[in-house]
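Have the structure open as you read.

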Amino acid sequence: MSDTPMQVLTRPFAIEPVTGIMLPDGIFDNAIYSLQIACHYTNQSSSPLANVELYFESVGDPGIVPIAHTFFFSSIPAGASVLVTWNADFQHATPGKRLVSFVAKADGFTSRRSIKQIFVSQTRYNSATNTYTCAVEEGTLTVSKLKAIVQAPTWGREPSRGKTDCLCVPKGGPWIPTGVTLDWAPNPSFSGTHGDLPFSDPWWKILALIVAIIAAIVAIVAAATGHGTASGGASGTFDETNPSVHCCSPSLGGDAADGIAGAASAVAVAALAVACSDAADPFWRGQEKTSPAAGELTTGERVVAEWSLPDPPNAGKPYTTDVKWTYTRFTTGNTYTYSVSETQTNIHVSDGVEIDTPSAVHAFSPLWVKAKFQKTGSDLFRGPEVYAFSLFRAPEGLFFVVPLTDDGLGFDTSANDGTYAGSLDLERAYRLLLKENQSVYGVWRVFVFAQDVNLTQPGTPPEIAAQHIGGFFVASAISITFDPSLPCPLKAQASITVF
């Protein structure tokens, strides 16, 4: 018999289970102990596969402890990519690139192994110096002098009970970075113009983005799951700038409040990555303009950047940042500098979301949602191009998180057609509602989110791979505004009446 024609084609990515969001570029960070190892497993054949088993076999770091689980699929359509996740403990993970092994087995075929790399970093906060460090094998990035626009005092205040389509989250709000100092200590010092990229893949700015999102959500994770679930040395302070952020998000009666807070944070801190450009970040560009003399070794590098945002940094929108940065190279023989003033534009964009739900269902029939995420132009995101999920809000406030997939299974009628579908089993939801003394009957509201996925193929040259970054929200039910006089910018994207 031949091998099962199913493989993991791209790098597995990290999902933080409390907030439900993908971490920047899918990189795992051991500041958050419990993470999900997620991947898209693809049927590469031209025929459906029957009775498929998928399981996590091993990881090349004894400090990473996954929880064993086997996924069973009665059928997987031809060409379909199914999303599977495994919970794992990363508390003692070693920073660097680590191999992970997955196994697929379908009827009529022998088992087939997929071996991929995951990227692991280590973020810590030093309260004495108010600095963060993010360590990887290639060196350590120190992040200091963070400047940010912080949430307004009105963030988190509950509006009147009549406004059920537009409610504010009872959790801490997001902060939008507007300036930072980044110091890179390469390991080892290097000769020539360019040093090694982190993981030989993303730009240095992604480590800064990891620091920003870890700083934003570690308190959310710790509050939701208790002490001992995230590093206590990963949350600090920053300098506040104006204006304040005014946001709206759905009111949450359960743990999904953490999901809204996490998504809001990820949308907001992406401004840092936009300011530093996807095409080539300030470190790479500064290196190109400051070639050291023969025989000199680069021992350290620094980027000092500040930017302003004419418009709020909303997901999927081509917002701009007016940025000024200075790069400094420290060598064994000299110091070199290069400065830039420019405008950068968010390229992780979409042309909107089209959502379909039933208008009403009988009690204990499934609630379902279908979403199409429009790229700029006429095409759609398809299959494994995005990681998408929906929040279903029960009539009295409890929220349920449901993954959305384009795999031809369940309520998704065809794989890779650009329609992402998911459903909520109301019978199971009812048990949780009973515990909260809430009713299943009434109007349920639907909110949809999507993050793009890094689809770079293994073996791509580092300077090319670095230009492809995943984890940016291209669709979000959360809007951010700098103007407190505007009405609440969030409305439920769909509603379903349960009777």
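## Ground rules

Helices here are DSSP runs of H or I with at least four residues, strands are E runs of at least two, and both are numbered from the N terminus. This is a predicted model, in which local features need pLDDT of at least 70, side-chain atom pairs count only at pLDDT 80 or more, and totals for chains, interfaces and linings use all residues. Residues are numbered from 1 along each chain as its sequence is written, and side-chain values use heavy atoms, with hydrogens and water left out.

## The cavities

On a 1 Å grid over the protein atoms alone, a cavity is a set of points where a 1.4 Å probe fits but cannot get out; lining residues have an atom within 4 Å of a point. Points are joined across faces, edges and corners, and a volume is the space filled by probe spheres set on them. There are three cavities of 30 Å³ or more.

The largest cavity holds about 170 Å³. It is lined by 18 residues, with Ala 266, Ala 270, Gly 471, Phe 472 and Phe 473 closest to the centre. Helix 1 and helix 2 are the elements giving two or more residues to this lining, and helix 2 gives the most, with four. By class the lining of the largest cavity has 13 nonpolar, five polar and no charged residues (nonpolar: Ala, Val, Leu, Ile, Met, Phe, Trp, Tyr, Cys and Pro; charged: Asp, Glu, Lys and Arg; polar: the others, Gly among them).

## The pockets

A pocket is an open set of points with protein on both sides within 12 Å along at least five of seven lines. In the largest pocket there is about 1400 Å³ of space. Its lining runs to 43 residues, and Val 401, Val 402, Pro 403, Ser 423 and Leu 424 sit closest to the centre. Elements that each supply at least two lining residues include strand 22 (399-404), strand 23 (420-424) and helix 2 (256-275). So helix 2 turns up in this lining as well as in that of the largest cavity.

The second largest pocket has about 340 Å³. Among its 17 lining residues, His 348, Phe 381, Asp 452, Val 453 and Ile 469 are closest to the centre. Phe 381 also has Lys 375 over its face, 5.5 Å from the ring centre (the rule: NZ of Lys or CZ of Arg within 6 Å of the ring centre and within 35 degrees of the ring normal).

## The cores

A nonpolar core joins buried Ala, Val, Leu, Ile, Met, Phe, Trp, Tyr and Cys residues through side-chain atoms within 4.5 Å. Buried means under 20% relative accessible area, exposed over 50%, and partly exposed in between (1.4 Å probe, protein chains only). The largest core has 116 residues, and Tyr 41, Leu 54 and Phe 90 have the most contacts inside it. Helix 1 (residues 205-225) brings the largest share, 14 residues. A second, separate core of 30 residues includes Val 386 and Val 474.

## The aromatic rings

Phe, Tyr and Trp rings (six-membered ring for Trp) pair if their centres lie within 6.5 Å; planes under 30 degrees apart are stacked, over 60 edge-to-face, and the rest tilted. That gives 21 aromatic pairs. Tyr 125 and Tyr 132 are tilted, at 4.9 Å and 45 degrees, and both are buried.

Trp 325 and Tyr 338 are edge-to-face because their planes meet at 65 degrees, with centres 5.9 Å apart. Trp 325 is buried at 2%, whereas Tyr 338 is partly exposed at 25%.
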